[in-house]
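Hi,

Here is the structure I promised to pass on.

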Amino acid sequence: MLLNQSLNISSDTPAVLTDICTCGFCDTGMTVSSTTNRHNKKYYYYKCALKNNEGKTEDHNPKDLPVHTLDEFVYNTLVVLLEEPELLKAMKKRIKYEGEDRISEIEKRIKQIQNLLKVRKKDKANALKLVTDNAASSLKETYESQLESIVLEIEEKENEIEFLSEQLKV
């Protein structure tokens with residue numbers, strides 16, 4: 001039984017997963033394409049939008065997937081999940097665990113960056129002192145270059161902390 005028939009979905013394109021399925025190679029959304037045979041029967045396919053727009057490459061050439069194949073697979077998987085509540089509970093636990101693990105990784109990375117920032121801010125203060133103490137020295141340009149490099153690294157790490165913190169909020 002086809003998913004579209006069992007759900008009584010009427011549409012010009014019977015692809016019910018268009019907005020949620022993505023390419024397994026590049027994670028780009030899938031689009032729907034169709035072909036018509038000589039008997040005017042239409043066949044629909046999910047196709048990687050990136051491949052559709054830019055063409056295939058040596059590294060990226062996913063096969064087009066018949067709509068009915070993926071729709072049937074998802075439908076049958078949902079049926080199994082609904083018929084086996086223990087399996088659904090196990091999946092929920094795994095998703096929760098993986099989410100908690102990801103949060104822990106992000107928090108650990110933020111702490112590492114914060115510790116690095118403490119060191120680099122001390123380095124900045126030392127470099128600034130060298131620049132001011134050696135204003136007339138031939139090494140002043142070297143110290144200024146080091147100071148500039150440290151300042152850029154500090155900005156980069158602060159931006160990384162901001163990005164990681166935003167991920168925790170999501």
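Some ground rules before that. This is a predicted model, so keep in mind that local features need pLDDT of at least 70 and side-chain atom pairs count only at pLDDT 80 or more, while totals for chains, interfaces and linings use all residues. Residues are numbered from 1 along each chain as its sequence is written, and side-chain values use heavy atoms, with hydrogens and water left out.

Let's start with the sheet. It is an open one of three strands in the order 1-2-3, with antiparallel pairing. Strands here are DSSP runs of E with at least two residues, helices are runs of H or I with at least four, and both are numbered from the N terminus. Two strands pair if DSSP finds at least two bridges between them. Strand 1 (30-36) and strand 3 (65-66) are the edges; each has a single partner strand, so one side of each lacks a neighbour in the sheet. Strand 2 (residues 42-48) pairs with strand 3 in the antiparallel sense over two bridges, and Tyr45 has Pro66 in strand 3 as its bridge partner. Val32 sits in strand 1 and counts as partly exposed at 21% relative accessibility. (Buried means under 20% relative accessible area, exposed over 50%, and partly exposed in between, with a 1.4 Å probe and protein chains only.) Val32 is 101 residues from Asp133 in sequence and 67 Å from Asp133 in space, C-alpha to C-alpha.

The structure holds zero disulfides, a disulfide being a pair of cysteine sulfur atoms within 2.5 Å. For Cys23, the nearest cysteine sulfur is that of Cys26, 3.8 Å away. The sulfur of Cys26 has its closest cysteine sulfur in Cys48, at 3.6 Å, which is too far for a bond. Cys23 is buried, with a relative accessible area of 4%, whereas Cys26 is partly exposed at 28%.

Now the helices. The expected span is 1.5 Å times one less than the number of residues. Val67, Leu70, Asp71, Glu72 and Leu81 are the buried ones in helix 3. Helix 5, with 30 residues, should span 44 Å, and its end C-alpha atoms are 44 Å apart, in agreement.

Which residues make up the largest nonpolar core? There are twelve, among them Ile106, Ile113, Leu117, Val131, Tyr143, Ile154 and Leu164. Helix 4 (85-133) and helix 5 (140-169) each supply at least two residues of this core. A second, separate core of ten residues includes Cys21, Cys23, Cys48 and Leu70. A nonpolar core is a set of buried Ala, Val, Leu, Ile, Met, Phe, Trp, Tyr and Cys residues joined through side-chain atoms within 4.5 Å.

Lys157 is in helix 5 and is buried, with a relative accessible area of 13%. Leaving aside neighbours within four places in sequence, Lys157 is in contact (heavy atoms within 4.5 Å) with Arg109, Ile113, Leu116 and Leu117. Ile154 touches Leu117, Arg120, Lys121 and Lys124, again not counting residues up to four places away. Helix 4 is part of what covers the buried residues of helix 5.

Cheers
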